[in-house]
Amino acid sequence: MSDYSKNEEPAEPENASAENKPADTETAVPAETTKHPARRLRWKWGLAVLVIGIAAMVIQWFRLAPDRTYQVFSVYEGIRNLVVGLLIWWMFVSGVAWKTRFKGLLGAVLAFVLFFTVVRVESFEGDMVPRFQFRFMPTAEQRAVEYFEQADNSADEKSGSAETLVALEADWPGYRNALRDGIARDQQIRTDWESEPPKLLWKHPVGAGWGSFCVVGDRVFTQEQRGEDELVVCYDVSTGKQIWTQSEPVRFSETLGGVGPRATPVFEEGRLYTMGGTGILNCLDAATGKSVWSHDLLEEGDLKNLTWGMAGSPLIHDDLVIVNQGVSPATADKKNQAVIAFDKLSGEKVWSSGTHKPSYSSPQYAVLNGTPQVLIFNAKGLEGFSLADGQSLWFFEWANHAGCNAAQPIPLDDDSVFLGAGYGLGSARIEIAPGKSSEKTAQVKEEWKSLSLKLKFNSAVKQEGYVYGLDEGVLTCLDLETGKRQWKRGRYGYGQLLLVDGYLIILAEDGRVELVEANPEKYVQRGKFQAIEGQTWNNPALARGRLFVRNSEEAACYDLSPLTKQGAAVTAEASNR
């Protein structure tokens, strides 16, 4: 054998391992056995986006602490930014396979669609937090329509003549009572709700709306939205049965504020004056509901509606009915006319005035420096107008970013007024002094300003030098002389309150009613009960010891009068002294 043969390498076995093959033979390995480097999720980047987004929301929340609504809006904005940040991270930075990225995106979209397929946004709370409801559940409007289709509304016609409808001191003839100050005069209520709880007289569904009740004798009036019709409704005080309705084929609906009319009917000398959500001003016969006269303010004036609807209740004084108007279109040559007066009997226009954009407060009668006038809290501030001809007497600027002034101004004495607003603005006491002989308008001076009481659309009440109201949902007492806060306690949401015999009756946003002492020294709660269910922004009304409460879902009447055995004994004892 040659040397060459001795050095010849033996043939490689067919089953030799791949690692022993020459490099040029590796290309023969099937493609499916090639190993690719594993993709890693870059989770730290996603975590960083999440932490920074949440931290930004927390910082913004505390920075906007004086105003709950702005806090909620900042959370909405923060959630939007966080979702966008996470989307960018997932699609472009996460490092996972593109197939996985698109699957994740599709899953998120499907989850979002599924959620809103199952639930709906029923409404928004006063701070703009949404309230959800399953879609298979009937809406409040549907429940009301079903109720009135089946209900026995054969109420007694014992108050069938106009002559018997006369407003007495113990009645509640309109928005926040006769003086619009939320005070029930010449009335007493039971205050030991534990041993003598309020007695339910009636409760039933009602059409949507944010107005309150007008109570005269044995009739109670309110406004509701039922389907495509806006109604003025008259109920029997004792039974809650429907006596008559008057309808207009209009419907106001707004995403945040909801559906239905916002104002409260006003009674005066046998007639009922109402303002609808779309600006229809009606004068009705209170006994029958028949129309006396009517004006469609927006159509007649070629005006736009306010963002959250026409909300000011009519003011009746002497021969006039005075109401807010709508907004002039931006393209219109004429300026805004924030207030208009009609003859209360004929409905003929007497005067209109004001150059500022209207808002949501109701006209308020006042006598300042001996001059009778009407106060209009418009979008820019508080303004006084002459009752005789509508001339502007003075103006005090008090505006927030939302242009929303809804709380009722409170005349304090002959020359000063308390006013408050939300959206971080707060409250103030202003002094109106007569102008000099060469000046046409009065002089207005701010006595004090406070951030301790921000009245968004929740009016306050005053008693003995102090004012009580809901500061972003928390009951607060302010000294009217100094503007300093006395105390702040209790959470009621964006509810409403009234004052009776030294006590505050608070109708909370969740429908519960609480009794609290109007005590400037400390917060003292005397009782509470769940009056109605659902979101409640409506003002309570108190007439002859009966408490009337409602929201956009249901209404109820409770007997709070002290005429029980214990109350009768106390009354008899007092009369014998």
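These legends accompany several close-up views of a predicted model.

**View 1. Strand E12 pairs with strand E11 in the antiparallel sense.** Let's start with E12, which spans residues 271–275 and has four of its five residues buried. Three bridges connect this strand to E11, made of residues 266–268. Look for Phe-267, whose bridge partner in E12 is Leu-272. Two residues lie between the strands of this hairpin, where Glu-269 takes a positive phi near 50 degrees.

**View 2. E12 also forms a hairpin with strand E13.** Here E13 covers residues 280–285, and five bridges hold the antiparallel pairing with E12. Tyr-273 has Cys-283 as its bridge partner in E13. Four residues separate the two strands, and Gly-279 in the turn has a positive phi of about 95 degrees.

**View 3. A salt bridge joins Glu-77 and Arg-80.** Both residues sit in helix H3 (residues 68–93), three residues apart, or about one turn of the helix. Glu-77 is partly exposed, at 41% relative accessible area.

**View 4. Arg-185 and Asp-181 meet in a salt bridge.** The N to O distance is 2.4 Å. Asp-181 counts as buried because its relative accessibility is 13%, whereas Arg-185, at 31%, counts as partly exposed.

**View 5. Glu-517 forms a salt bridge with Arg-526.** Their closest N and O atoms are 3.2 Å apart. Arg-526 is partly exposed, with 34% relative accessibility.

**View 6. Salt bridges link Asp-413, Arg-429, Glu-447 and Glu-481 in a network.**

Conventions:
Residues numbered from 1 in each chain as written. Predicted model: local features only at pLDDT ≥ 70, side-chain atom pairs only at ≥ 80, totals over all residues. Heavy atoms only, no water. Buried < 20%, exposed > 50% of the residue type's maximum accessible area, 1.4 Å probe, protein only. Pairing = 2+ DSSP bridges. Salt bridge = Lys/Arg side-chain N within 4 Å of Asp/Glu carboxyl O.
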